[in-house]
Amino acid sequence: MGANNGALWKEGKEHCKLAIPIMIQTCSAQTMTVFDLAFVGRLGPGPLSVISFASVLWNCLWYWLMGVASALDTLGAQAFGAGDSVSLRSWALVAAAVSAALCAP
């Protein structure tokens, strides 16, 4: 059990090396929204409601787009893991086309 515990700690440290920068970035993005609202809030309730609505709309659209992109990323990773370069190129083109289509106004 002791040897397995050491491997568990080692793997945990490796996961933290990957997770901590992602956590910092996510917290920073949310903190930026809080500061935006704090600065605009001094202008009054009208501008505050507009920026709040814009923030919610942005989050809904952005996270939906990132969900689609991560789904296509998973399919590309599976093709890469299988060593199928034709499927990998195909999924990369599909991902680019779908992302471009979803970003078009």
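Please keep in mind throughout that the model is a predicted one.

Let me begin with the charged side chains. In general, side chains of opposite charge can pair when their charged atoms come close. How many salt bridges does the structure hold? The count is 1. The partners are E14 and K17, and their closest N and O atoms lie 3.5 Å apart, which is inside the 4 Å limit applied here. As for their placement, both residues belong to helix α1, which covers residues 2–41. They are 3 residues apart there, so about one helical turn separates them. The two partners may also be described by their accessibility. E14 is partly exposed, with a relative accessibility of 42%, while K17, at 60%, is classed as exposed.

I turn now to helix α2, which comprises residues 45–81. Which residues make the nonpolar surface patch? They are W58, W62, Y63 and M66, and the area of the patch is about 470 Å². Of these residues, Y63 is located in helix α2 and is partly exposed, its relative accessibility being 47%. W58 and W62 are likewise placed in helix α2. They are 4 residues apart, or about one turn of the helix. W58 has a relative accessible area of 54% and is therefore exposed, whereas W62, at 35%, is partly exposed.

A pair of aromatic rings is described by the distance of the centres and the angle of the planes. The structure contains 1 aromatic pair. Why is the pair of W58 and W62 called stacked? The ring centres are 5.6 Å apart and the planes meet at 10 degrees, so the pair is assigned to the stacked class; the cut-off for that class is an angle under 30 degrees.

Next, I would like to consider L72, which is also found in helix α2. Is L72 buried or exposed? Its relative accessibility is 11%, so L72 is buried. Leaving aside residues up to four places away in sequence, L72 is in contact with W91, V94, A95 and V98.

Finally, the cysteines. The number of disulfides is 0. C103 is in no disulfide either, the nearest cysteine sulfur being that of C60 at 16 Å. With a relative accessibility of 52%, C103 is counted as exposed.

Note on methods: Residues are numbered from 1 along each chain as its sequence is written. This is a predicted model: local features need pLDDT of at least 70, side-chain atom pairs count only at pLDDT 80 or more; totals for chains, interfaces and linings use all residues. Side-chain values use heavy atoms; hydrogens and water are left out. A salt bridge is a side-chain nitrogen of Lys or Arg within 4 Å of a carboxyl oxygen of Asp or Glu. Helices (H or I, at least four residues) and strands (E, at least two) are DSSP runs, numbered from the N terminus. Buried means under 20% relative accessible area, exposed over 50%, partly exposed in between (1.4 Å probe, protein chains only). Patches are made of residues with over 30% relative accessible area and no salt bridge: like charges are joined within 9 Å, nonpolar side chains (Val, Leu, Ile, Met, Phe, Trp, Tyr) within 5 Å. Accessible areas come from the Shrake-Rupley method with a 1.4 Å probe; for residues, only the protein chains shown count as cover. Rings of Phe, Tyr and Trp (its six-membered ring) pair if their centres lie within 6.5 Å; planes under 30 degrees apart count as stacked, over 60 as edge-to-face and the rest as tilted. Contact means heavy atoms within 4.5 Å. A disulfide is a pair of cysteine sulfur atoms within 2.5 Å.
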